[in-house]
Amino acid sequence: MRAMASLDRRAEHSGAQQSDDELYRIRHSLAHVLAQAVLELRPGSTLGFGPPIKDGFYYDFLLSEPLTEADFPELERRMRKIIKKGQRFYQEDLPAAEALERIEEMGEPYKREYGAELIAKQGLSALSFYRNGPFLDMCEGPHVSDTKQLPRDAFKLRSLAGAYWRGDSDNTMMTRIYAWAFTAKTELDEHVARWEEAQRRDHKKLGRELGIFAIDNDVGRGLPLWLPNGTVVRDELENLAKELEFKAGYQRVATPHLARENLYFKSGHLPYYAEDMYPAMEVMDPSDAQEADGAAGEGGAVKEAYRLRPMNCPHHHKVFAAVPRSYRDLPVRLAEYGQVYRWEDSGAVGGLVRVRGMCMNDAHIYCTEAQIKDEFKAVMRLYQEAYDILGLTDYMVRLSRWDPDDPKGRDKYVDNPQAWTASEAILEGVLQEMGVNYVDGVGEAAFYGPKIDIQFRTVTGREESLSTVQLDFSQPETLGLSYVGADGQPHRPYCIHRAPFSTHERMVAFLLEHYAGAFPTWLAPVQAQVVTVSEQFDAYGAEIVAALRERMVRAELAPSTETVSKKIRQAATLKIPNVLIVGERERQEGTVTLRRHGHKAQHTLALDALRAALLEAINTRSKELLLPD
RNA sequence: GCUCACAUAGCUCAGUCGGUAGAGCGCUUCCUUGGUAAGGAAGAGGUCAUCGGUUCAAAUCCGAUUGUGAGCACCA
């Protein structure tokens, strides 16, 4: 499996360049210039971190008085003024004790905390400081030598946001100012233009324009309604997944969207994720309800409690347990596009990428320890096959490990260090044997075991997991799953959780952005739009539509009250892949004129030939249409 | 959940100093019957997110709530 590390986290946070790069020094120095300008405008503010990032820099402040984006022009003006002054950057190392005294004088509590930690935990004997003009910062550099070397027109303050000190939600929330910064104005302009283009590709915008999904507040936040066009895309993805899984030896199952609460205690989910689940639905004892005289349940006994399922695994485990299993049956691969519900934090919900109700391309593979590696490899190959068909190439593979040093470790991970070590080694072996490039994600594991995650970025830059394969050494135990081995004794199976196609919600969001809404024919809600030159050819147009629909091609006839130009424009706006234009010429010859989305060139061909070409492209899920000469 | 911003027609937006609402697109109807990205005309469509406050008067000012966006935290 080929893989790329184009989304390397470290690259993002240390700048996508080496620290001795000119661009790194410019961005880092501009951050100091911004801090100086902020302190001018808001004296008494204190400083957090201010590093270079992928496309610029940010700086965190605890402001004495709030700033808003309306203050950006003034801040930028002051920054340019500082640049113009030509302040020199002076570097100075101070021995630990002296350094802490210096920070104390500076009145910077956050810098002090970090400085003290560097000395105590990392054993630094000295700390580095940089001064330019009146601005002094504890900072390891490097910087440009003089602010005159900074571009005055190649940076732009971008946004203002909250960010927790040191990324911990128990800490103070500081104000973070993000900026774009480059070496030349042309680069900044290009970057801004690309960013604006990305906004036009946002799946929330395309989803509305193309009739894919809607969110209605009466239904609920994060609970998308799939419109007819979006449902077509879902169904096509589901068909593809079913085919690939059938060929890979999966069996399909169907299970309910909820279960008695106790199931999630047994599986171990409820103790770990109670706050991320919808609250329980409680069925009261009828005798109590009667006594309560309408105000049912007051003080009465809960007879049963149900929970909407946050995942499908416990149900699948119960399918596994429903019949006796022999070692001869393994691996058992149970697949379901399963609807799940999670009480995501309000701040995380957005569009289709993070929702509270979603349909997951789920499957669970039950196998022996000896089968784990081969099963993982088969799942990885299934991903690759799916990604090749969908044309997805820009992603990062992450080995998500537990974090034995996590202070919340006991609450976050199953307490079984030996199992963690062993199972992480298995996954690592899989990746190495397959020659996959990957990054380590310490602390990114599931509570029940390590994962291999495939990470993508939305066009707006947010990183999210798309696919995942997980090794579970815990749930088969807690749910008491077993199979009969060759020795006639019960044995514990291992379980692999996997979701190559993610959820319909997240996958469609990514594909909308990936294709910029212009789906290949096989995925397109309308695969062929017939446009007649005038109403007198509508009968011929209807014949074409019927001939195509007869073979399950999603063809539609454009209404004839508009001009040809208008109808072609409308089809283009809806990004319909194939527009079929028919008039007198085509009717006489029994042909159609094909215009592909995004192309001006046209082909006139026999209806049969066109139908064959469309069917071929649909059946092979090809992006292109192969036309006869 | 946290910080900040925003919320006007289906969509994109305008609305000055507080004086009871506007455009374009879309939609409906009619005319036009056409050859490649907007033919013409007319019409419908708004409790200015919700609730409360200030005021003679609120889309406009203030507060709360809900929702949306960016970011942080979270993400089985």
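Buried here means under 20% relative accessible area, with exposed over 50% and partly exposed in between (1.4 Å probe, protein chains only). Helices (H or I, at least four residues) and strands (E, at least two) are DSSP runs, numbered from the N terminus. This is a predicted model, so local features need pLDDT of at least 70 and side-chain atom pairs count only at pLDDT 80 or more, while totals for chains, interfaces and linings use all residues. Residues are numbered from 1 along each chain as its sequence is written, chains are lettered from A and ligands numbered from 1 in the order in which they are written, and side-chain values use heavy atoms, with hydrogens and water left out.

On the H15 side, the buried set consists of Ala 419, Trp 420, Ser 423, Glu 424, Ile 426, Leu 427, Gly 429, Val 430 and Leu 431. The geometry of H15 (residues 417-433) checks out too: at 1.5 Å a residue, its 17 residues should span 24 Å, and the end C-alpha atoms are 24 Å apart, which agrees. (The expected span is 1.5 Å times one less than the number of residues.) After H15 comes Gly 435, with a positive phi near 70°.

Lys 377 pairs with Glu 433, and their closest N and O atoms are 2.6 Å apart. This pair links distant parts of the chain, with Lys 377 in H13 and Glu 433 in H15, 56 residues apart. Lys 377 is buried, at a relative accessible area of 16%, whereas Glu 433 counts as partly exposed at 48%.

Zooming out, chain A has 21 helices and 28 strands. Its C-alpha atoms fill a box of roughly 85 × 70 × 65 Å along the principal axes. Of the 629 residues, 52% are buried. Among contacts (heavy atoms within 4.5 Å) with a separation of 6 or more, 71% come from residues 24 or more positions apart.

Two helix pairs are worth a look. Two packed helices are described by the angle between their axes and the distance between the axes. Axes are lines fitted to C-alpha atoms, for helices over the stretch in contact, and angles run from 0 to 180 degrees between N-to-C directions. Helix H8 (residues 228-247) and helix H17 (residues 504-514) pack at about 105°, with their axes 11 Å apart. That makes H8 roughly perpendicular to H17; angles of 65 to 115 degrees count as roughly perpendicular, under 35 as roughly parallel, over 145 as roughly antiparallel and the rest as oblique. From H8, Val 233, Arg 234, Leu 237 and Glu 238 meet His 504, Glu 505, Met 507, Val 508 and Leu 511 of H17. By class, this contact of H8 with H17 has five nonpolar, one polar and three charged residues, where Ala, Val, Leu, Ile, Met, Phe, Trp, Tyr, Cys and Pro count as nonpolar, Asp, Glu, Lys and Arg as charged, and the others, Gly among them, as polar.

The other pair is helix H4 (residues 96-106) with helix H5 (residues 109-121), whose axes come within 9 Å and cross at roughly 170°. H4 and H5 are therefore roughly antiparallel to each other. Here Ala 96, Leu 100, Ile 103 and Glu 104 of H4 meet Lys 111, Arg 112, Gly 115, Ala 116 and Ile 119 of H5.

Leaving aside neighbours within four places in sequence, Leu 523 is in contact with Val 232, Val 233, Glu 236, Leu 237, Leu 390, Leu 511, Tyr 515 and Arg 554. The C-alpha atoms of Leu 523 and Leu 390 are separated by 9.7 Å, with the two residues 133 apart along the chain.

The structure holds 37 salt bridges. Glu 236 and Arg 554 form one of them (2.7 Å, N to O). Glu 236 belongs to H8 and Arg 554 to the loop between helix H18 (538-550) and strand S25 (555-557), 318 residues apart. Both residues are buried. Elsewhere, Glu 40, Glu 74, Arg 77 and Arg 78 are linked in a network of salt bridges.

Technical notes:
Salt bridge = Lys/Arg side-chain N within 4 Å of Asp/Glu carboxyl O.
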